[in-house]
Amino acid sequence: MDARYMVFGFTRTGKTTFAAALWHQVDSEEIPTVLTKGKHAGQFAYVAEISEAWAEGFEVERTTVTQVENIRINLLDSGSASKVALEFDDLSGETFEQAFATRLCPEKFVELVKGARGMLLFVSADRHNDDAVTILDAFDAEEDETQAVADPNDWDGTKTPLQVQLVDLLQCLQRAPFSMVPMRVAVIVSAWDLVPQDETDPARWLEKRYPLLSQYLGNSEGATDVRIYGVSAQGGKLSKKGNGPGPDRERLLATMPASKRVKVVGPETTEHDITRPLMWLAGLETAS
């Protein structure tokens, strides 16, 4: 089997750091991982660059809209000889946010969705959902006679609650021109090290922090199966390479090998193996 899996997520949800940590683990072979590095061809300077920054204990700088680096990381399950290709189309994430506001996206993203066998969906414990408005607020606004009349044309998509944007775009993927086939979805709650210590269940965390998204994934015809994972791919607060060491760099560099900085929580996981969620996503847990 040679299958492609797409990465989906907005800005600041940890996709770049995840890619850097994943590449470091499979390239360095410092620790055993259930999936190993597959064959690669072409230019991989960017993924090597972000992986090096990660290993040196610096913040992995995400791409910008004008510097989009599309990454394909090929992985191999040695037990079944199955190949898994993880595709990070638009690592910056701005394409997804702009698509919500403009209803436009690149044609290459349409093709990526059509060819995907599953989805790695990113949300971050370090990014607020901003979903503070409820139906009760709407009732209060109607009763407030002093409130100015809103202009229906004065709409800012960026102020829409994050989980509303996510659910809207996931629904769009099931319609033309995408026509996404039903697929497995592995949700990655990044920056899991920032979650309070008494919260140990990523699925429960998603239910509490992103209830709309959690309910949608649990009832959507587009998702055949869903698993939630908590992943700390960085392990602490760092700074950009040009700004000197961050507050946690010394502690992280003391963790040897560097691959053990990664922490993974969820069903059928091992503590440091960042490829575990991908193993499940590809349906290979019982294949090895």
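D156 sits in the loop that links α5 (135–143) to α6 (162–172). Helices here are DSSP runs of H or I with at least four residues, strands are runs of E with at least two, and both are numbered from the N terminus. D156 has a relative accessibility of 34%, so it counts as partly exposed. That class lies between buried (under 20% relative accessible area) and exposed (over 50%), with a 1.4 Å probe and protein chains only. A101 is 55 residues from D156 along the chain, yet their C-alpha atoms are 7.7 Å apart.

This is a predicted model: local features need pLDDT of at least 70, side-chain atom pairs count only at pLDDT 80 or more, and totals for chains, interfaces and linings use all residues. Residues are numbered from 1 along each chain as its sequence is written, and side-chain values use heavy atoms, leaving out hydrogens and water.

Now the whole protein. It has 10 helices and 8 strands. Of its 288 residues, 48% are buried. Its accessible surface is about 14,600 Å², and carbon and sulfur atoms account for 49% of that. These areas come from the Shrake-Rupley method with a 1.4 Å probe; for residues, only the protein chains shown count as cover. Take the contacts (heavy atoms within 4.5 Å) between residues at least 6 apart in sequence: 77% of them join residues at least 24 apart.

Next, a helix pair. Helix α1 (residues 15–28) packs on helix α2 (residues 45–55) at about 90°, with 8 Å between the axes. The axes are lines fitted to C-alpha atoms, for helices over the stretch in contact, and angles between N-to-C directions run from 0 to 180 degrees. The two helices, α1 and α2, are therefore roughly perpendicular, a label for angles of 65 to 115 degrees. On the α1 side, the contact includes W23 and H24; on the α2 side, it includes Y46 and W54.

The strands β3 (residues 71–77) and β4 pair in the antiparallel sense over 7 bridges. Pairing requires at least two DSSP bridges between the strands. L75 has V84 of β4 as its bridge partner. The β3–β4 hairpin has 4 residues between its strands, and A81 takes a positive phi near 65°. In β4 (residues 82–88), 6 of the 7 residues are buried, so the strand is largely enclosed by the rest of the structure.

Methods. Parallel < 35°, antiparallel > 145°, perpendicular 65-115°, else oblique.
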